[in-house]
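Visitor: I would like to learn how to read a fold from its coordinates. Where do we start?

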Amino acid sequence: MTKPTDSPSHRLFAAIYDPVTKPAERTLLREHREYLTEDLHGAVLDIGAGTGAMFPYFERAQTRDSELVVHAVEPDPHMRRRAVQKAKDVGLDVEIRSDGAQSLSYDDDSFDVVVGSLVFCTIPDVDAALGEIARVLKPGGELRFLEHVHADGWVGSVQNAVNPVWRRGAAECHLNRDTRATFESEDRFEMREIDELAIGVPPVKPFICGTLVARTRSQNRWLGVLDDVPEILGSVVR
Ligand SMILES: C[S@@+](CC[C@H](N)C(=O)[O-])C[C@H]1O[C@@H](n2cnc3c(N)ncnc32)[C@H](O)[C@@H]1O
């Protein structure tokens, strides 16, 4: 059985990813990928870039704004090799590193926008990844996301049942991550926008798309203090 790892390596998954996703890319996903690159500016990081599905969109954004700087991280060498080729094919100027999202080799406050597409289903340590994304984003910087998430009702039950097999076949992608709840309860970010999308086919459904905004570190410190208030009051009353 494949174990979750900080160094993923899935040769077969990488080989079939583009052919399998091509129909969805041409139809369902296009307008949402366009949303992720609307008015892009400054320095942008694509986390878990895969085979470079976002690269044609970044290339168009770079054509609109020649000062746009694009970086990408992709820890799986088989996906990364394809991403390097995709960048050449579409003419995107991008630096691609091998970092996992849970330990990014960038300085604090490096990026204006981080883009995550179909990646929070796979990242092994989501909390650590969000911490790193908050660190490398400038205060007020955006995390734009497009994710498939856990469904309610019978679709959710099917997702739970088939997830162990799905994960093995789909390079550790979880069908049943409650990424919406994770994002909505995140202290390090504020939710600016979130839409549930009626796209996808069970069990890969529904999708969410939106934008989180990084809080300043002083806002985070204050929120940390507020978290402790009930405990402090409790000890005073006792
Ligand atoms: C389903 S693919 C999505 C690829 C691409 N973002 C897209 O929209 O098509 C998920 C990607 O996440 C990558 N991944 C796995 N673990 C990761 C980690 N710890 N940090 C960042 N990416 C990771 C996988 O190698 C894979 O390329």
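Predicted model: local features only at pLDDT ≥ 70, side-chain atom pairs only at ≥ 80, totals over all residues.

Visitor: What helices and strands does the protein chain have, and how many?

Guide: Counting the elements comes first. The protein chain has 8 helices and 7 strands.

Visitor: What share of the 238 residues in the protein chain is buried?

Guide: A residue counts as buried if 20 or more other C-beta atoms lie within 10 Å of its own. By that test, 38% of the 238 residues are buried.

Visitor: Do S1 and S4 run parallel or antiparallel?

Guide: Strand pairing is read from the bridges. S1 and S4 run parallel and are joined by 4 bridges. As a reference point, valine 44 is opposite valine 113 in S4. On S4 and S5, the pairing is again read from bridges: there are 6, in the parallel sense. Here glycine 116 faces phenylalanine 145 in S5.

Visitor: How many residues of S4 are buried?

Guide: Burial can be counted strand by strand. In S4, 6 of the 7 residues are buried, so the strand is mostly covered, with buried meaning 20 or more other C-beta atoms within 10 Å.

Visitor: Which strands and helix do the buried residues of H5 pack against?

Guide: List the buried side of a helix, then look up its partners. For H5, the buried residues are Val126, Ala129, Leu130, Glu132, Ile133, Ala134 and Val136. They pack against strands S1 (43–47), S4 (111–117), S5 (137–148), S6 (189–197) and S7 (207–214), and against helix H7 (179–184).

Visitor: Which residues touch the most other members of the largest nonpolar core?

Guide: In a core, look for the members with the most neighbours. This core has 51 residues, and Val44, Phe58, Val94, Phe111, Val114, Ile133 and Leu137 touch the most other members. Helix H5 (residues 126–136) supplies the largest share, 6 residues. Take valine 114 as a case: leaving aside neighbours within four places in sequence, valine 114 contacts Leu45, Ile47, Ile133, Leu137 and Leu143.

Visitor: How many residues surround the ligand, and which are the closest?

Guide: For a ligand, list the shell and then sort it by type. The shell holds 20 residues, with Gly48, Gly50, Asp76, Gly100 and Ser117 the closest. By type, the shell divides into 12 nonpolar, 6 polar and 2 charged residues.

Key
Residues numbered from 1 in each chain as written. Core = buried A, V, L, I, M, F, W, Y, C linked by C-beta atoms within 7 Å. Buried ≥ 20, exposed ≤ 12 C-beta atoms within 10 Å, placed from the backbone. Helix = DSSP H or I, 4+ residues; strand = E, 2+ residues; numbered from the N terminus. Contact = placed C-beta atoms within 7 Å. Near = placed C-beta within 6 Å. Nonpolar A, V, L, I, M, F, W, Y, C, P; charged D, E, K, R; others polar. Pairing = 2+ DSSP bridges.
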